[in-house]
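Dear colleague,

Please find below the structure that I am handing over to you.

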Amino acid sequence: TNDNAKISKKKRFWHYYDEHQQEEFERGIIESALTFGVPCYTGDVKSAFFRNMLRELNPDLIIVSAFGQLIDQPIIDYPRLGIYNVHPADLLHHHGAGPQPWEDLVKRRAETTRVTVHKVSETIDSGDIVGQSPPICVRLANGLFTDNVRMIGEKTLLPVDHMVAELVGRIVRRNHDGLEGTVDK
């Protein structure tokens, strides 16, 4: 965990895309969520608007991915089933915490990585890990290493939908069985 990590637009994955592409991604995320009747928020969480919306929606569960914002304890404590982050790095082995997980892969010249699901905490990417993807090859098809952070980032997106579906399924089953609290490893 990098306690000194600062999250800024310059360090987030989105800066690898132009404004139009960023808007397209965001629209896709919102439309996908709404297709399933899931409210989706993409703005600043440290605002009166968000806190009012949170109280109004009264969510049981929050899942964040590629969010790039530190979330404070009052928000973390709000949903009774927890807040989980989908992070595109192998946090279990202490790789890629912070806003530049793909740059970490390039720096280490890694061959593989994993996507990690963890409970959100006030310290960036340090919450309890509840699951990981199988290894994801981040090399090129010919086996060579790449420094193309955008391509690496897109590869790490591949298992996210399945991981979120598994997480939500486990939470729903626990809730249905009358079990309190968040999901553990």
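Tyr41, Phe49 and Phe50 are joined into a cluster by ring pairs. Rings of Phe, Tyr and Trp (for Trp, its six-membered ring) form a pair if their centres lie within 6.5 Å; planes under 30 degrees apart count as stacked, over 60 as edge-to-face and the rest as tilted. By this rule there are two aromatic pairs. In one of them, Tyr41 and Phe50 are tilted, with 4.9 Å centre to centre and 40° between the planes. Phe50 counts as buried because its relative accessibility is 8%, whereas Tyr41 is partly exposed at 23%. Here buried means under 20% relative accessible area, exposed means over 50%, and partly exposed lies in between, for a 1.4 Å probe and protein chains only.

Please note that this is a predicted model, in which local features need pLDDT of at least 70 and side-chain atom pairs count only at pLDDT 80 or more, while totals for chains, interfaces and linings use all residues. Residues are numbered from 1 along each chain as its sequence is written, and side-chain values use heavy atoms, with hydrogens and water left out.

**Cysteines**

How many disulfides does a search of the whole structure find? The search finds zero. A disulfide is a covalent bond between the sulfur atoms of two cysteines, and the criterion applied here is a pair of cysteine sulfur atoms within 2.5 Å. Cys40 is partly exposed because its relative accessibility is 30%. Cys137 also counts as partly exposed, at 44%.

Helices (H or I, at least four residues) and strands (E, at least two) are DSSP runs, numbered from the N terminus. Arg109 lies in the loop between helix 4 (101-108) and strand 3 (112-113). Arg109 is not a glycine, yet its phi is positive, at about 55°. Most residues other than glycine have a negative phi.

The backbone oxygen of Arg109 is reached by the side chain of Arg139 at 3.3 Å. This is a polar contact, that is, a pair of N or O atoms within 3.5 Å; within protein, one must be able to donate a hydrogen and the other to accept it, and residues adjacent in sequence count only if both atoms are side-chain atoms. Arg139 is placed in the loop between strand 6 (136-137) and helix 5 (149-156). Arg139 counts as buried because its relative accessible area is 17%.

Ala110 is in the loop between helix 4 and strand 3, and is buried at 7% relative accessibility. Ala110 and Thr146 are 36 residues apart along the chain, and their C-alpha atoms are separated by 9.6 Å.

A positive phi, near 50°, is also found at Asp125, a residue other than glycine. Asp125 sits in the loop between strand 4 (116-119) and strand 5, and is buried at 12% relative accessibility.

**The second largest pocket**

Grid points are joined across faces, edges and corners, and a volume is the space filled by probe spheres set on the points.

The second largest pocket has a volume of about 180 Å³. Its lining includes Val117, Gln132, Met163, Arg170 and Asp184. Which element gives the most to this lining? Helix 6 does, with four residues. Strand 5 (129-132) and helix 6 (160-176) each supply at least two residues. The lining divides into six nonpolar, three polar and three charged residues. Ala, Val, Leu, Ile, Met, Phe, Trp, Tyr, Cys and Pro count as nonpolar, Asp, Glu, Lys and Arg as charged, and the others, Gly among them, as polar.

**The cavity**

The structure holds one cavity of 30 Å³ or more, and the largest cavity has a volume of about 30 Å³. Among the residues that line this cavity are Leu81, Tyr84, Ile171 and Asn175. Helix 6 provides the largest share of the lining, three residues. The lining residues of the largest cavity comprise five nonpolar, three polar and one charged.

**A distance along the chain**

Met151 is in helix 5 and is partly exposed, with a relative accessible area of 21%. The C-alpha atoms of Met151 and Leu81 are separated by 34 Å, and the two residues are 70 residues apart along the chain.

Yours sincerely

Notes: On a 1 Å grid over the protein atoms alone, a cavity is a set of points where a 1.4 Å probe fits but cannot get out, and a pocket is an open set with protein on both sides within 12 Å along at least five of seven lines; lining residues have an atom within 4 Å of a point.
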